[in-house]
Amino acid sequence: MISCTQCNTPLTSQAINTYGMVPCPSCSGLLRADVYPALYRKATAGQVGETLQMDQEAGCFYHPRKKAVIPCAACGRFLCSLCDVEFNGRHLCPICLEKGKTKRKITNLENHRVCYDRIALLIAIVPMLIVYITILTAPIVIFMTFRYWNAPGSIIPHTKIRFILAFVIAVLQLAGWFILFSNLVGS
Amino acid sequence: MHNASEKYRRLPGKKKNFLIGYYTLWQGPDHLLHIFSRFGIEDYKRFYFNDIQAIITRKTIAGRIQNFILAGLLGLFALLAFYPNNEWLSFPGVMMAILLILLLINWFRGPTCETYLSTAIQAEKLHSLHRLKNAQKVMNHVRLLIEQTQGILRAETVDQNPVHPPNNPKSLKPSSHVKPTKNALKQEMGRAHLIMFALLVLNGIIITLGLFFSHIALTLLSSIVTMMTGICVIIALVKQHESDMIRSIRAMTWTTLSYVCFLFVAGYIISMAMAFRNPQLIANQWELLKMISETSPWGNPLLLGFNIFSLGSALIIGVLGLFLLKKYRKTNQKYPTVLTATVRHPASARIS
């Protein structure tokens, strides 16, 4: 059932897929509801593994009494239909799927990333408001640039420009401190 | 190795979060990627084209309220700039210019909206699509992609299954027919909210009077009203928890909390500054209070700016809150509702 997001009144079929703003029959708020066939699709029941009938049949690696139907695309272990996880057109076992997530081998399973280039740039720029702490932050930025240069960045298109900028700013800050100290020593 | 980032394309719309971070929406080969970024950390949510059941957008009045607030503040600073005895004109002038630019930007960006995307197991708010122009553009674009994957939904299908789609047999009945359950949300009429918003208006009036009359009674009264507002905010927050209170009033309560916190912090800073300037008064709180009340805001641009911001915010939040509360009470009397706990989260009520 599709309902108004404001008053929760169910929308009539006339208000659905109009591809323009239509008033809600109850609260008169303007809304647009695009509905797709997935809403009316029947949920498919999960498959259970088929029990082995003959000794010659291959069994599932994880459930030896269940009939193997497919090998895992990553590790090659035989899987029953219960253990078979289809993901991105590949048939994987739950262990490989988990490994793919934790070891970042399957990008589509990642739901969190740390972008060190942005952090380095922030650490390079923000302390410039309080100039004195740049003497501490500039070495940190340089360390981060080298340490995380090859670390995976954002999942969306990105370049190394932030790392380069952060590095240049940090080097300039250190150069400034060096000149200041050398002048102090000289005087 | 194939570079995963190359496959994403940015879709229009970007929304800044209240304090930190921002939301964006990206198009992948077979899914939409919703990103929340803050301080170099990114959180991802994927919505596969094959799983998307519906996208709903609704026009909101948030943009109009923003325009109203900006115009109100602009008017206040304009009054100040043209005040005859004011010798310091650059501060209100600069503020007016900034507010005017913000007002124009907000006006050009068009009306605001709320967009929700639903799948079989979730309904997620797409924060980045909060401008109607962008939301419509993205919905038109995404519709083609989803229809390529799922096919086109025929009108007959919608007509034949208007209420109970096969995979959701326990769809939500009209709210008035829902029996109260163990998890039922309590009905809240908002008495604490009413007192809180009324106190805010009162505080705004007291601060306005304080601009023209310097008296310790006004300062004391303002402090007491602020304290009472602070207490009311806490009560209102407790009352609105797990209640059927609408989101706009909830948001206004949280805004009031921010405002009260700001007043407490700013008041503390001002009194500390006064105490440092006059160290002999540190031990005598009464004398310190008298000194604060006798300090004319017209002689100090920062104090004047603080007073204008305080009175503007108090009046805007208070009046708007009272207006929303009146509207809410009227609707609640007309359509008394008992909602289940699952409905409290706005996203969960969209499709059932």
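Student: Where in chain A is the place of A:Tyr19?

Tutor: This is a predicted model. A:Tyr19 is found in the segment before strand 1 (22-23) of chain A.

Student: What is the phi of A:Tyr19?

Tutor: The general idea comes first: most residues other than glycine have a negative phi. In this structure, phi of A:Tyr19 is near 60 degrees, a positive value in a residue other than glycine. A second case is A:Ser28, with phi near 65 degrees, again positive in a residue other than glycine. A:Ser28 sits in the loop between strand 1 and strand 2 (30-35) of chain A.

Student: Is A:Ser28 buried or exposed?

Tutor: A:Ser28 has a relative accessible area of 51%, and the cut-off for exposed is over 50%, so A:Ser28 is exposed. A:Tyr19, at 33%, is partly exposed.

Student: Is B:Val260 buried or exposed?

Tutor: Because its relative accessible area is 4% and the limit for buried is under 20%, B:Val260 counts as buried. This residue belongs to helix 7 (residues 247-277) of chain B. Leaving aside neighbours within four places in sequence, B:Val260 is in contact with B:Thr226, B:Thr229, B:Gly230 and B:Val233. Its C-alpha atom is 9.4 Å from that of B:Ala314, a residue 54 places away along the chain.

Student: How much area do chain B and chain A bury between them?

Tutor: The size of an interface is often given as the accessible area lost when the parts come together. Here chain B and chain A bury about 4800 Å², with 55% of it on carbon and sulfur atoms. On the side of chain B, the residues that lose the most area to chain A are B:Tyr44, B:Arg58 and B:Leu153, together 13% of what that side buries. Chain B gives 59 residues to the contact and chain A gives 46.

Student: How many salt bridges are counted between chain B and chain A?

Tutor: The count is one. A:Arg118 forms a salt bridge with B:Glu42, and their closest N and O atoms are 3.4 Å apart. Helix 3 of chain B gives the most to the side of chain B that touches chain A, namely eight residues.

Student: Which strand of chain A is joined to strand 4 of chain B?

Tutor: Strand 7 (residues 112-114) of chain A is joined to strand 4 of chain B by three bridges, and the two run antiparallel. Within this pairing, A:Arg113 stands opposite B:Glu42.

Key
Residues numbered from 1 in each chain as written. Chains lettered and ligands numbered in written order. Predicted model: local features only at pLDDT ≥ 70, side-chain atom pairs only at ≥ 80, totals over all residues. Heavy atoms only, no water. Contact = heavy atoms within 4.5 Å. Buried area = accessible area lost by both parts, 1.4 Å probe. Salt bridge = Lys/Arg side-chain N within 4 Å of Asp/Glu carboxyl O. Helix = DSSP H or I, 4+ residues; strand = E, 2+ residues; numbered from the N terminus. Pairing = 2+ DSSP bridges. Buried < 20%, exposed > 50% of the residue type's maximum accessible area, 1.4 Å probe, protein only.
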